[in-house]
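Let's walk through this structure together, one chain at a time, and then look at where the chains come together.

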Amino acid sequence: MLVLTRKLGESIRIGDDIVVKIVDMDGRNVKLGIEAPKKIAVNREEIYEKIQKENKAASTAQEQSLENIANVLRKGKS
Amino acid sequence: MSDFFKNLVYSKGDIIVFPSGIPGFEKNKEYVIVSIPEYEPFEWLVCVDGSRLRFAIINPLLFSPQYSPKLVKEQLEELQIEKPEDVVLYSIVTIRENPLESTANLVGPLVINKNKRIGKQIITDDDRYTTQEPIMRKQ
C-alpha cells in the first residue's frame, strides 16, 4: 500500500482523472473530497463489504425455506 | 425439486452476463433467471458456469411499492440501456433461520438490461434503504 502524507487542502491524483482532496480535519475525522468520473463507483468500504457479506449469506438459500415463504406470501395476497 | 438447478435447460439467449460479477462473487459472470410456480413471487438467479451458485431474487416493488433507488446514469453505462423499458430491477433475498424473517437487499439492487442481457449489482448511496429489508412486514 502506498502511504502519503498530505496537509489540509492538499490532494492526490490517481491516474488521469481521479483526485482525492483533504477537505477538512476534525479530531479523529478526515473529510475527503473525491473527484472521479461518475461511472467509477465511489463507495464507503464498509458498505461494499456489507453487500459482499449479504450476497454470501444469500448464496446459501435453501429451496425448501424459500418455498415456505413463497406459500405464505401468496396466501397473504389472495 | 431441488435438482432443477442441475438439469436446468436454457439457451444461450437466456444468459445474462454480469461483466463484473457481483460483490463477493466477482468471478461468476453468467446467470439465467429461473421462474418456477412453487417459488412465486420469488425467482432464482442461477449461475451457469458450473458452480452451484444461485440466489433467490424478488421484484422489490412487490413488498416495497415506493422503492426508487437513486441510480447514477453513468454507473449504468455498461448496461447499454437504450430504453427505460429494457430495465428490470431485482433484489437478492437472504433467507433467515426463521424464513418469515427473510430479508431483501435494497441498497444493492440488481439492475438488468433484459434486452441486451447485461446485469450489474449497483451499490446505491441511499440511506433510505438497508441491505436487510424485511420482506414480510406488511403481511
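Among contacts in chain A between residues at least 6 apart in sequence, 0% join residues at least 24 apart; contact here means heavy atoms within 4.5 Å. Before going further, please keep in mind that this is a predicted model, in which local features need pLDDT of at least 70 and side-chain atom pairs count only at pLDDT 80 or more, while totals for chains, interfaces and linings use all residues. Residues are numbered from 1 along each chain as its sequence is written, chains are lettered from A and ligands numbered from 1 in the order in which they are written, and side-chain values use heavy atoms, with hydrogens and water left out.

Let's stay with chain A. Its secondary structure consists of two helices and three strands, where helices (H or I, at least four residues) and strands (E, at least two) are DSSP runs, numbered from the N terminus. Read from the N terminus on, the order of elements is β-β-β-α-α. Chain A has a radius of gyration of 22 Å, well over the 12 Å that the globule rule gives for 78 residues, so it is more spread out than a compact globule. That radius is taken over C-alpha atoms, and the globule rule is 2.2 Å times the number of residues to the power 0.38. Along the principal axes, the C-alpha atoms of chain A fill a box of roughly 60 × 30 × 30 Å. Of its 78 residues, 21% count as buried, a term that stands for under 20% relative accessible area, with exposed meaning over 50% and partly exposed in between (1.4 Å probe, protein chains only).

Now find the sheet of chain A. Three strands form an open sheet in the order 1-2-3, with antiparallel pairing; two strands count as paired if DSSP finds at least two bridges between them. Its edges are strand 1 (11-14) and strand 3 (29-35) of chain A, each of which pairs on one side only. From one strand to the next, the twist averages 25°, with axes being lines fitted to C-alpha atoms, for helices over the stretch in contact, and angles running from 0 to 180 degrees between N-to-C directions. Strand 1 and strand 2 (residues 18-26) of chain A are joined by four bridges in the antiparallel sense, and A:Ile12 stands opposite A:Val20 in strand 2 of chain A.

Chain B is next. It has zero helices and nine strands. Its radius of gyration is 15 Å, which agrees with the value near 14 Å that a compact globule of 139 residues would have. The C-alpha atoms of chain B fill a box of roughly 40 × 35 × 25 Å along the principal axes. Buried residues make up 51% of the 139 residues in chain B. Among chain B contacts between residues at least 6 apart in sequence, 57% join residues at least 24 apart.

With strand 4 of chain B, strand 5 pairs in the antiparallel sense over three bridges, and B:Ile57 has B:Ile92 as its bridge partner. Strand 5 also pairs antiparallel with strand 7 (residues 110-113) of chain B, over four bridges; here B:Val87 stands opposite B:Asn113. Two bridges join strand 5 to strand 6 (residues 103-104) of chain B, again antiparallel, and B:Val93 stands opposite B:Ala104.

Finally, where do the chains meet? The largest nonpolar core has 30 residues, and those with the most contacts inside it are A:Leu66, B:Phe42, B:Trp44 and B:Ile135. Such a core is a set of buried Ala, Val, Leu, Ile, Met, Phe, Trp, Tyr and Cys residues joined through side-chain atoms within 4.5 Å. The elements giving two or more residues to this core are helix 2 (63-77) of chain A together with strand 2 (30-34), strand 3 (43-47) and strand 4 (54-58) of chain B. Helix 2 of chain A supplies the largest share, four residues. Not counting residues up to four places away in sequence, B:Ile135 touches A:Leu73, B:Phe42, B:Phe63, B:Val93, B:Ser102, B:Thr103 and B:Ala104.

One more residue is worth a visit. B:Thr131 lies in the loop between strand 8 (118-121) and strand 9 (133-134) of chain B, and B:Thr131 is buried, with a relative accessible area of 5%. Leaving aside neighbours within four places in sequence, B:Thr131 is in contact with residues including A:Lys50, A:Ile51 and A:Glu54 of chain A and B:Leu106 of chain B.
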